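Dear colleague,

I am passing on the structure below, and I would be glad if you could look it over alongside the notes that come after it.

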Amino acid sequence: IFVSGPLGSAAAGLDIFMSKKEKEVQEFKQAEPFKMQHLCPEPEVELGKLLNKSGLVSSMQDLSDGLATDLAHICKSSSVSAEVEERLLPSLPGLTELCRHLDKMPVNLQISGGEDYRLIFTVEKNKDDELLALLDEQGFHGIKRIGTIKKGNGEVLLLTKDGEMKDITFKGFEHKPL
């Protein structure tokens, strides 16, 4: 399982704007990239086209509802499960410090925060190196492996830094019918 860049940035940006500690958080010197990610996310259309054309990707989706929810959609429709490793989740520099100001856990923003518009995708077994070489050759950097697809029934599990396995299936935004 791969993601195309830092996670939790847009959610952190929203939390900055909504913070009751607005002055303290607004003055946090690394807040600007998080605010901009919330206000002006950039969909990765060209990367998506390249991944699709590569023939190496077995599934792909944008991360608009959060990693846990969007990955659960992939897993459910493919009748598999996912194991994501917390230690592999990428973030913008400063997320941990910013989260201290916001009284938030970085991992919660990374797995549940939406609107990052990163791509999450899966790659056939033993094709990782081939795909990463292609992406590097085409100038796409920052792609990170975050976990593995396993046999299962749509679950998304998080291996925490403490070695605990937690079920995070559908722990992001869920669209409710009107």
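The notes below cover a helix pair, a surface patch and the salt bridges.

This is a predicted model, in which local features need pLDDT of at least 70 and side-chain atom pairs count only at pLDDT 80 or more, while totals for chains, interfaces and linings use all residues. Residues are numbered from 1 along each chain as its sequence is written, and side-chain values use heavy atoms, with hydrogens and water left out.

Helix 1 (residues 9-18) packs with helix 6 (residues 95-102) at an angle of about 35°, their axes being 11 Å apart; helices are DSSP runs of H or I with at least four residues, and strands are runs of E with at least two. Axes are lines fitted to C-alpha atoms over the stretch in contact, with angles running from 0 to 180 degrees between N-to-C directions. In this pair, Ala12, Asp15 and Ile16 of helix 1 meet Leu95, Leu98 and Leu102 of helix 6, where contact means heavy atoms within 4.5 Å.

Helix 1 also gives the most to the nonpolar patch, with three residues, and Met36, in helix 3, is among the other members.

By the rule that a side-chain nitrogen of Lys or Arg lies within 4 Å of a carboxyl oxygen of Asp or Glu, the count comes to seven salt bridges. One of them joins Arg118 and Glu44 (3.0 Å, N to O), and this pair links distant parts of the chain, 74 residues apart.

With best regards

Notes. Patches are made of residues with over 30% relative accessible area and no salt bridge: like charges are joined within 9 Å, nonpolar side chains (Val, Leu, Ile, Met, Phe, Trp, Tyr) within 5 Å. Accessible areas come from the Shrake-Rupley method with a 1.4 Å probe; for residues, only the protein chains shown count as cover.
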